[in-house]
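This briefing is meant for a reader meeting the structure for the first time. Please keep the sequence and the 3D view open while reading.

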Amino acid sequence: MDYYAEREEVAYFMRRLYDKNLTTCSGGNVSLKLGKDKICITPSGLDKGRIQPEQIGIITLEGENLTPELKPSIETSMHIAVHNMRPDIQAVVHAHPVTASSFTASEIKINTALIAESAVILGTPIFTQYAKQGSTELAKVVSAATAQGNIIIMANHGVLTVGETLLKAFDRIEVLEASAKITLYTELLGPKRALSDSQLTELITPPKANVNDEKKLIDFIVNQVVEQILKMNS
Ligand SMILES: [Zn+2]
């Protein structure tokens, strides 16, 4: 079977989404880039909790189904549009986790400034307007949103994350669901204390001393190389 390792990886992360209660047996889809111009993607209409590598389809980024015996996900055009928008990422995960999806139907936003893990891994999620599932419009609004960030909240639908690896995209969706729960629990507990602006800045920005040290080291190496070249030419 072509691309066995990649299809096995997609099947594994789909089953993991189901096992972790991040999707229902029919919802959610996962895709992974194959080279520069193809993706492999979960199928439509099969039990997501038992998905196997031979059920993962292969599609070109122009939409041609290279595994016509398999029915691709209804959100294939959304995955293709996101991969075309973000050639820097390898993986796309879309699901309807219960808590995060509740916020897609609420005026309240998931607060990613309550604990350090959310602030570092999620930053600020991007909210998109509503569009019907499986539609070209949905593919358009969601892919446009991924130009601004890695975590997308889709109005009255669900969430989508992207990553340089499948693990990174999965981590983002798992932390997003955890952050949605933490937002809900802290609302129930009453008065809350979020991280301050300076604490958030400290978490997200690398320490200045290290940046300077690194720059000094690079300058030093460049100077050494230039000196050597000048010596060789003199
Ligand atoms: Zn969906």
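The model is predicted, and the values given here are computed from it. The protein chain holds eight helices and seven strands, and the strands form an open sheet of mixed pairing.

**The chain as a whole**

- Along its principal axes, the C-alpha trace of the protein chain spans about 70 × 55 × 30 Å.
- The protein chain has 234 residues, of which 36% count as buried.
- When contacts between residues at least 6 apart in sequence are considered, 65% of them join residues at least 24 apart.

**The sheet**

- Strands of a sheet pair through backbone hydrogen bonds, and the pairing may be either parallel or antiparallel.
- Reading across this open sheet, the seven strands come in the order E3-E2-E1-E4-E7-E6-E5, with mixed pairing.
- The edges of the sheet are strand E3, residues 57-60, and strand E5, residues 126-128, each of which pairs on one side only.
- From one strand to the next, the twist averages 20°.

**Strand E1 and its two partners**

- Strand E1 (residues 29-34) pairs with strand E2 (residues 38-41) in the antiparallel sense, over four bridges.
- Within this pairing, Lys-33 stands opposite Ile-39 in E2, while Leu-34 stands opposite Lys-38 in E2.
- The hairpin of E1 and E2 has three residues between the strands, and in this hairpin Gly-35 takes a positive phi near 65°.
- E1 also pairs with E4 in the antiparallel sense, again over four bridges, and the bridge partner of Ser-31 in E4 is Val-92.

**Helix H1**

- The buried residues of H1 are Glu-6, Arg-7, Glu-9, Val-10, Ala-11, Phe-13, Met-14, Leu-17 and Tyr-18, and what covers them includes E1, E2, E4 and helix H6 (166-189).
- Just after H1, Asn-21 takes a positive phi of about 60°.

- Because seven of its ten residues are buried, H2 is largely enclosed by the rest of the structure.
- Those buried in H2 are Thr-76, Met-78, His-79, Ile-80, Ala-81, Val-82 and His-83, and what covers them includes E1, E2, E3, E4, H5 and E7.
- Two packed helices are described by the angle between their axes and the distance between the axes.
- The axes of H2 and helix H5 (residues 136-146) come within 8 Å and cross at roughly 30°, which makes H2 roughly parallel to H5, since angles under 35 degrees count as such.
- The crossing in which H2 passes H5 is right-handed.
- On the H2 side, Ser-77, Met-78, Ala-81, Val-82 and Met-85 take part in the contact, and they meet Thr-136, Leu-138, Ala-139, Lys-140, Val-142, Ser-143 and Thr-146 in H5.

- Tyr-3, found in the segment before H1, has a phi near 50°, which is a positive value in a residue other than glycine.
- Tyr-3 counts as partly exposed, because it has 17 C-beta neighbours inside 10 Å.
- Asn-156, which lies in the loop between strand E6 (151-154) and E7, has a positive phi of about 50° although it is not a glycine.
- Asn-156 counts as exposed, because it has 12 C-beta neighbours inside 10 Å.

Key:
Residues numbered from 1 in each chain as written. Predicted model: local features only at pLDDT ≥ 70, side-chain atom pairs only at ≥ 80, totals over all residues. Pairing = 2+ DSSP bridges. Helix = DSSP H or I, 4+ residues; strand = E, 2+ residues; numbered from the N terminus. Axes fitted to C-alpha atoms, helices over the stretch in contact; angles between N-to-C directions. Buried ≥ 20, exposed ≤ 12 C-beta atoms within 10 Å, placed from the backbone. Contact = placed C-beta atoms within 7 Å. Parallel < 35°, antiparallel > 145°, perpendicular 65-115°, else oblique. Left-handed = near helix turned anticlockwise from the far one by under 90°.
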